[in-house]
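Reader: Please take me through a single part of this model, the place where the two chains meet. Keep it brisk.

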Amino acid sequence: MAGEKMETKLRGKIMEAVRAVKETNPMAGSVTNTVTMNFVANAQLAVGGSAAMVFLPDEGEFLVSAGNAVYCNAGTLLPISRETLPRTAKAAFEAGKVCVLDPVGIGIGSLRTEILIAVKPYKPKIIRGNASEIIALRNLWKIESSIFANKARGVDSTESVDEAAEAAVELARYTGGAVAVSGASDLVTNGIGIVRAPGGSEMMTRVTGSGCSLGGVIAVYACVTDPFTAAVTGTLVYNLAGAKAAKKAEGPGTFYSKFLDELYLATDEEIAACSFTVTEV
Amino acid sequence: MAGEKMETKLRGKIMEAVRAVKETNPMAGSVTNTVTMNFVANAQLAVGGSAAMVFLPDEGEFLVSAGNAVYCNAGTLLPISRETLPRTAKAAFEAGKVCVLDPVGIGIGSLRTEILIAVKPYKPKIIRGNASEIIALRNLWKIESSIFANKARGVDSTESVDEAAEAAVELARYTGGAVAVSGASDLVTNGIGIVRAPGGSEMMTRVTGSGCSLGGVIAVYACVTDPFTAAVTGTLVYNLAGAKAAKKAEGPGTFYSKFLDELYLATDEEIAACSFTVTEV
Amino acid sequence: MAGEKMETKLRGKIMEAVRAVKETNPMAGSVTNTVTMNFVANAQLAVGGSAAMVFLPDEGEFLVSAGNAVYCNAGTLLPISRETLPRTAKAAFEAGKVCVLDPVGIGIGSLRTEILIAVKPYKPKIIRGNASEIIALRNLWKIESSIFANKARGVDSTESVDEAAEAAVELARYTGGAVAVSGASDLVTNGIGIVRAPGGSEMMTRVTGSGCSLGGVIAVYACVTDPFTAAVTGTLVYNLAGAKAAKKAEGPGTFYSKFLDELYLATDEEIAACSFTVTEV
């Protein structure tokens, strides 16, 4: 399938996904970090979805059974996360539902490494991260974790999106799903095609949880469409809302408020018309 | 007491409660979920109260001893919640203080069911929830939990407020306190009278924590007045602030900011003049 | 060194610190409470820093190794906090890095007392709190905790900043670092000089996390300058942003948004020109 034809088809599916979420209010549960979970929930509500957050293993499994997709984020781990994240990812895998994995902070601490290795067999159908995280996850799933554990710096990316393209394609081929790399210009791949979407706003790097909440929004779209379309749709609505909010904001505080407004106001047509290119791998 | 006489008396008590909070800055501690605890605290501060949040059992007991009311919310449970929520509710019961119970997410996971059964003997003087939660709590406290556990969907309501009226009255008669049901039109009962308050804004369903933070605000008012008046006062100030904020907001992000502003700006006279009706059960 | 000379030198160092943060985007990790951690991270990003929050012991140690300063806050303790907070403070002490200790809620619960006693030997190079907390910490580190445990009320201060001046000086001399006391008028001391900074806004007492997020911002500045300058710089930018935001806000909701904007917009020259006096102890 040529890039152009793939693009046209994709724009149609994006419009359908945006409409389906607004009409059916799908619930995408989350096992996610305490820093940004409020933003995740508010972003999910803003685009028309419903949210529920839990920390306990059987509750993570319940959320899988109650929705079509679940968001799993490796931030602010607690001792119980050792059980909750793998069991939630496993439940999604076994039920044929979408788990959106966000390997935030990969390389920080031994439990995070243990958990991210533990979820590998459950092939999360969507993986979302910044460039550094996507590269690190590819490495973790192929080689000894001790090699790059020392390279982690914090939770912000130190690599470019283009440097992560190869890792993203490899991960997508492994899971059979989609991988979204967030950055100044975003990249989404299903291992076959690569969508590159410019735009958004530099201001998004000044608000904590821009990436996490995108993961939650992608999970909402994954309740109503395929993983690749869901990841592209979430990425585009974030670029659209980010660009519009930045024009109205004076700083990161008002940007945050206006960004949620714009997520809420964005229409199916606006989102599907956002700038992106499709190429074959 | 006829509905009209009850209404006049109630409006007077509401004015007194609003004034007393603004003058005495009462502290209502919370054991609450991590998704919305920031909103809970900010709403409590906005109406003139003071906030403190804890997770540990002896700290929950301390908060009971340090204030006149405490807010207990069953969201985002952790293993330690098994001890903390029942011990906090018990401490309030034994001290003759108000525990505001919010059975959020009832039906999700075994620990939540266990905890909600465990607090039953401590008859929380105020119960706040959406229609689905109030009905589910009435059922849990009367019949086998396994019957309705499968009906839970997430944390958003799937039943109407009117459908919950009977359950609310039964719960209020059991506890001897008040029950508040939040929805498009709100209902508060003490088992004798029923207050119905229209208003608020549809936008409140697009902001996570509207219900939780109302529970925290009701706890603040319960520091200075009886449970029924506290529940009605909180409900009215939420309807007032919600309606005013919705007029100024472009979406859920600016709505949230303006909602906190309006909670802060609402006067005793404005709140006591809000639309509501009183009927006898 | 006379107060005036000390002041001139300090203003120069403040300008350098503000510029260095904006240029180098330093990461100051946090072990902090779940109520306000989103505000802490957003404030750190707004001034030009980077944030990362963790709960587990080895992750706290990792954050010490990955940055030049770490923020340790005693709020919303979990069972694992018993290990994480002391080990993080110890790692900072042994690495000669700055730990910013925020003894929030001191007096509430036995674990908090245990933890705050445990970190004493690690002499956190910056201590930040309201007047009540600073006085209580001085007392805890000298006398039996049981004496004042009953005096705690919640998390808001019941003492004035001036009443805490003596305690602040004693603590600073013990740690060899700086102590910042937040209030209507703020005080920062290194045990030798005392900076008094008026200003800010009463509205900051209506937004939860004003103090916590100041602690996180001070940690960001401590990545690039000495503890005393860092504590003064954070205090001044908070007063500046608070005063400017209060003029544009209608209540605590819009104040919060505009406060983050003003943190972001504040220039090195504006911050260094903020009103303060220096006196020798």
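**The interface of chain A and chain B**

Author: Nine residue pairs are in polar contact across the interface of chain A and chain B, both residues at pLDDT 80 or more. A polar contact is a pair of N or O atoms within 3.5 Å; within protein, one must be able to donate a hydrogen and the other to accept it, and residues adjacent in sequence count only if both atoms are side-chain atoms.

This is a predicted model: local features need pLDDT of at least 70, side-chain atom pairs count only at pLDDT 80 or more, and totals for chains, interfaces and linings use all residues. Residues are numbered from 1 along each chain as its sequence is written, chains are lettered from A and ligands numbered from 1 in the order in which they are written, and side-chain values use heavy atoms, leaving out hydrogens and water.

Two salt bridges link chain A and chain B. The term means a side-chain nitrogen of Lys or Arg within 4 Å of a carboxyl oxygen of Asp or Glu. A:Glu59 forms a salt bridge with B:Arg112. Their closest N and O atoms are 3.1 Å apart.

Which elements of chain A supply the side that touches chain B? Helix H2 (37-46), strand S2 (50-53), helix H3 (57-66) and helix H11 (252-265) each give at least two residues. Helices (H or I, at least four residues) and strands (E, at least two) are DSSP runs, numbered from the N terminus. This side of chain A divides into 20 nonpolar, seven polar and five charged residues.

In the contact (heavy atoms within 4.5 Å), chain A places 32 residues and chain B 31.

Definitions and conventions: Ala, Val, Leu, Ile, Met, Phe, Trp, Tyr, Cys and Pro count as nonpolar, Asp, Glu, Lys and Arg as charged, and the others, Gly among them, as polar.
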